[in-house]
Every structure is written in structure tokens, then in C-alpha cells.
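This briefing is intended for a reader who has the sequence and the coordinates at hand. Please keep both in view while reading the points below.

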Amino acid sequence: MSHHRPGVDVIVVGAGMAGLVCAERLRRSGCEVLLLEARDQVGGRTAGTEVDGENVDLGGQFVGPGQDRMYALAAELGVAVFPTHTAGANLLETETGRLRRFRGMVPKLGPLALLDVARAQSRLDRLARTVDAEAPWRGPDAAALDGQTLRSWIDRTLRTEGGRRFLTLACRAIWACEPSELSLLHALFYVKAAGGLAAVTDVEGGAQQDRLDGGAYGVAAKLAERLGAAIRLNAPVRRIEQDDSGVVVTAEDGTAWRAGRVVVAVPPPLAARITFHPPLPAARDNLLQRLPMGSVIKYVVGYPAPFWRQAGLSGAVLSLRGPVAMTADSSPRSGRRGVLIAFVNGAPARDLAARAPEERRRVLLDGLGRLFGPEAATPASFVERNWNEEPFARGAYSALFPPGAWTGLGATWRAPVGRIHWAGAETSPRWYGYIDGAVRSGEAAADEITQAEPR
Ligand SMILES: Cc1cc2nc3c(=O)[nH]c(=O)nc-3n(C[C@H](O)[C@H](O)[C@H](O)COP(=O)(O)OP(=O)(O)OC[C@H]3O[C@@H](n4cnc5c(N)ncnc54)[C@H](O)[C@@H]3O)c2cc1C
């Protein structure tokens, strides 16, 4: 507390997409802003690296219709979007390792299971329409929906074993968790926030429709260029104090900055690790204690060419056998090289993480070899990103509400606490957990501040 740096109007904590957008919007409205980021890089859960001279996304990467704020941001920054590769057949790998080709989103599961899944999907959509995305804890059925897990709903609603297994896989693919970890109300809220189940699952017309030229990380990097010296990297925030006159934000090395207000734009489990003084209201703290992240390991595997296209395959796989839940073609726009991305999510991610690195690599490449042939098992490059091990994410894609959290503590979800405001993909009632949700949340937090203190 002894050596405070000179004050600014607003400090933003966390330079993911939410914090970057928030800081830039505040700056434009005339505020002096400081953006403190724990890592040596901006972007958070949109992270990039270069493989064989191409930028690849290790985190979030797809955008789709309805994600208007992200499209607008990309356009403003001169980042082009292009369609995700979809030509060719998708594959389903069964539990026993049989491969079945299919088109569209739902594979050939057998007529009864297929009917079962279709019924469950339309029920989920119907139920999701009853949820108020601005306040999911409200609504006549909120308590009943929040009193059960997605698992118990699946077990009660689906009549076939095949249907149940497919929904378990869908849960891993969508939320990166087991159905037993998720409140049914949260699953419905998430679907509502995206505008329906098809928006969540589909490529064409859904959230996976498009990619960003140069990667999603490129958007974050361009925003960071605009903010320039307003960003401090390697500054993990450990303490936030507030009183009537303002806030003091202290980083790990003891450096402290003063400001009028602070925006906390970090995932909930990371916000819970910051010491607040005075302590956060009990209900707010309780909510932060309850929101774990999903479990994701993303693999980016490079080849000299997208050889699977010649075999009539799209590169998209859903696997009931595992441990890979799904793959997709993430080759550069030019098609000059081939890139497959693969996701190991939920319990299989935790199991795989316990194995040695060379064993994980072998498991992955054996799996890709089974799906796409021997060429897939000898890639030119192989990158693994276990998001659970990232000290400033601790999991992905997003935080998950278990039963009881929304209805018990939801009222504290986004409400500012004095001079502390909240942003991040987990605070958005539209596209919760997505990059677009992060953008919207950053805009909303900036507007909250400028409206509270008109300039
Ligand atoms: C593998 C993967 C795939 C995904 N796929 C998609 C997709 O295709 N499409 C999509 O829309 N979304 C996707 N997502 C989700 C999307 O990436 C996130 O929802 C979004 O990027 C979150 O942005 P954010 O700014 O809210 O949080 P974050 O990106 O998590 O940013 C928070 C920032 O705060 C920093 N931080 C944390 N603690 C502190 C601290 N104490 N002090 C200072 N800084 C701190 C972190 O380092 C980080 O930079 C995916 C995510 C992952 C990981």
C-alpha cells in the first residue's frame, strides 16, 4: 500500500477479449484506462501459435450467425472471416471402433436411437425457450430445472442406450464436462443465450460456421496494438481494495495502482482467487466458489496437405469410443497445408492428462490413424494445449453452473459490488461462454461505468 502508482479512471483486470474490448471502449469514451494481464500475452482463452508458418488457434476460434458483436469487431479491425471447411462426409466412430459416414449434425445411430435423440433435442429447445437468459433464476420452473443435472434428465428422458450415449458425447463436445456436472437449467440457459440448440451444434448456420483469417488470437492482438502502453503484461492481480474514494489494485510483485473503478474480466475461478477488501458480499463469493471450468485438451495437428479431403471426408468426427470427442478441419484458408483439430473433453481429458506426454501423443495419433488412415498418424507438427493446466484459465471452454447455483445465487451474477464491475464470457446473457459473449460483456461493463459516471 505504500507505493501507489498515479491513479487512472478505470483499471481492467484480464486482457482476454472481454477486458480488451472493455478497455478500448472506455478509452474511446475519454477514460484513462490501465489493463492488467497476468500472462506475458493478451488474448486469454483465444490463444495462438505459429505452426509451419501459419497462425493456428489453440483456444476459441469459430464464429457464427448471431454473433454480431464479434463480426463487427473483426470487420472494424480489418480481420476477414471465411467459412469453415464442410465439404465431404463426417464420421461417427462407434464404441467398438466402427466408422460410419454421415452428413449434417446427427450421425446414423440406428432408427430408434435417432428418433430418441431427435425427440430429446426438440424437448431441450422447447424447455430452453422458457428460460429468461437475463435472469435464469426467475421463471416458474427455474427451481425444478436447477434441481437436476443434465445426466438425470438424459436418463429419464431418453429411452435408448444409444441415445443416452450420444447425448453424453454431445455434452462433452458442447460444455467440455460430464452431464452429471451440469445443472439442467444451465444447459437450457446456455442454449437460450445462443438462440437455440441448432445455433450451438451446427456448422453452417451455427456457431461453427466461420473462422477468422489469421485466427481469433489475431483479433485480440490487434486490439492490444490499439491499447499500446495502457496494457501491463506479467501483472497478476492479487488484491483489490475499495473505499468511498476509489480502488487500489495490487499485483503479485506488490505494485499497486489507484483508480476510480475496476472491471474484473477474468474467469470466475480466477476471480475467486483475488483477495477483496472489504470482502465480497457472502452471496457473491459463494457464487464464485461454485463455478468450475470445463475440462479441455485441444490438439492442433499439421500435415503437408488436407489429405482426408481427397478421401471424401470433411475432417469432422464425433467419437463414441474416445478419448477424442470430436475433430474438425482447421486447415488454413489457402488449403496449402492440412490441419486437424481434436478435442478431448470432460472426464476423458482428466484421464488422459494423467498419462505421460509421449503416451498422450501416441493415444492421439493412434486415434487419428483409426479415423483418417495411417497418414494421420505421422503428422508434420503436433501441438497440445491442456487448458486445465493453464494457471490463468484453469479449464475451458467456460465456467459451468452446477445444480442450485443459478437459483440460489444467480441474483449476484453480474451486479457490480460498489466500484467493482464484472466482465467476461461468463457474464453475458447472450452467447454465454463464447468469444462473442466476451465482447458483449466488455462493452456492457464499459457502458455500465460511463453511465454511472457520465463524462
Ligand atoms: C479450446 C477452446 C475452444 C473454444 N472454442 C470456442 C469457439 O470456437 N468459439 C467461441 O466463441 N468460443 C470458444 N471458446 C471460448 C472462448 O474462447 C472464451 O469464452 C472467451 O475467449 C473468453 O474470453 P474472456 O475475455 O471472457 O476470458 P479469458 O479469455 O479467459 O480472459 C481472461 C484473462 O484474464 C487473465 N487473468 C486471469 N486471472 C488474472 C489475474 N488475477 N490478474 C490479471 N489477469 C488475469 C487471463 O490470463 C486472461 O488473459 C473456446 C475456448 C477454448 C479454451
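The structure is a predicted model. Its chain is assigned three segments of organisation, namely domain 1 (4-45 + 217-280 + 417-452), domain 2 (81-86 + 207-212 + 294-389) and domain 3 (107-201).

**Domains**

- Domain 3 is given as residues 107-201, whereas domain 1 is listed as 4-45 + 217-280 + 417-452 and domain 2 as 81-86 + 207-212 + 294-389.
- The C-alpha centres of domain 2 and domain 3 are 25 Å apart.
- Where these two domains touch, domain 2 contributes eleven residues and domain 3 contributes twelve residues.
- On the side of domain 2 that touches domain 3, seven residues are nonpolar and four are polar, with no charged residues.

**Helices α1 and α15**

- The axes of α1 and α15 come within 7 Å and cross at roughly 35°.
- The crossing of α1 past α15 is right-handed.
- From α1, the contact uses M17, A18, G19, L20, V21, C22, R25 and L26; from α15, it uses I435, A438, V439, S441, G442, E443, A445, A446 and I449.
- Sorted by class, the residues of this contact are twelve nonpolar, three polar and two charged.

**Helix α3 and its two partners**

- With α6 (residues 161-175), helix α3 (residues 111-129) has an axis approach within 8 Å and a crossing angle of roughly 50°.
- At that angle, α3 and α6 are therefore oblique to each other.
- The passage of α3 across α6 is right-handed.
- A113, D116, V117 and A120 of α3 make the contact with G162, G163, F166 and L167 of α6.
- Five residues of the contact between α3 and α6 are nonpolar, two are polar and one is charged.
- With α7 (residues 184-194), the axis of α3 comes within 8 Å and crosses at roughly 80°.
- The axes of α3 and α7 are therefore roughly perpendicular to each other.
- L124, L127, A128 and R129 in α3 meet L188, V191 and K192 in α7.
- The contact of α3 with α7 holds five nonpolar and two charged residues, and no polar residues.

**Backbone features**

- Most residues other than glycine have a negative phi, and most peptide bonds are trans.
- The peptide bond from G322 to P323 is cis, with omega near -5°, and P323 lies in the loop between β16 (313-319) and β17 (326-329).
- N234 is a residue other than glycine with a positive phi, near 50°.
- The position of N234 is in the loop between β10 (231-232) and β11 (237-243).

Technical notes:
Residues are numbered from 1 along each chain as its sequence is written. This is a predicted model: local features need pLDDT of at least 70, side-chain atom pairs count only at pLDDT 80 or more; totals for chains, interfaces and linings use all residues. Axes are lines fitted to C-alpha atoms, for helices over the stretch in contact, and angles run from 0 to 180 degrees between N-to-C directions. Helices (H or I, at least four residues) and strands (E, at least two) are DSSP runs, numbered from the N terminus. Angles under 35 degrees count as roughly parallel, over 145 as roughly antiparallel, 65 to 115 as roughly perpendicular and the rest as oblique. A crossing is left-handed if the near helix is turned anticlockwise from the far one by less than a right angle, and right-handed if clockwise. Two residues are in contact if their C-beta atoms, placed from the backbone, lie within 7 Å. Ala, Val, Leu, Ile, Met, Phe, Trp, Tyr, Cys and Pro count as nonpolar, Asp, Glu, Lys and Arg as charged, and the others, Gly among them, as polar. Domain bounds come from an automatic or database domain assignment.
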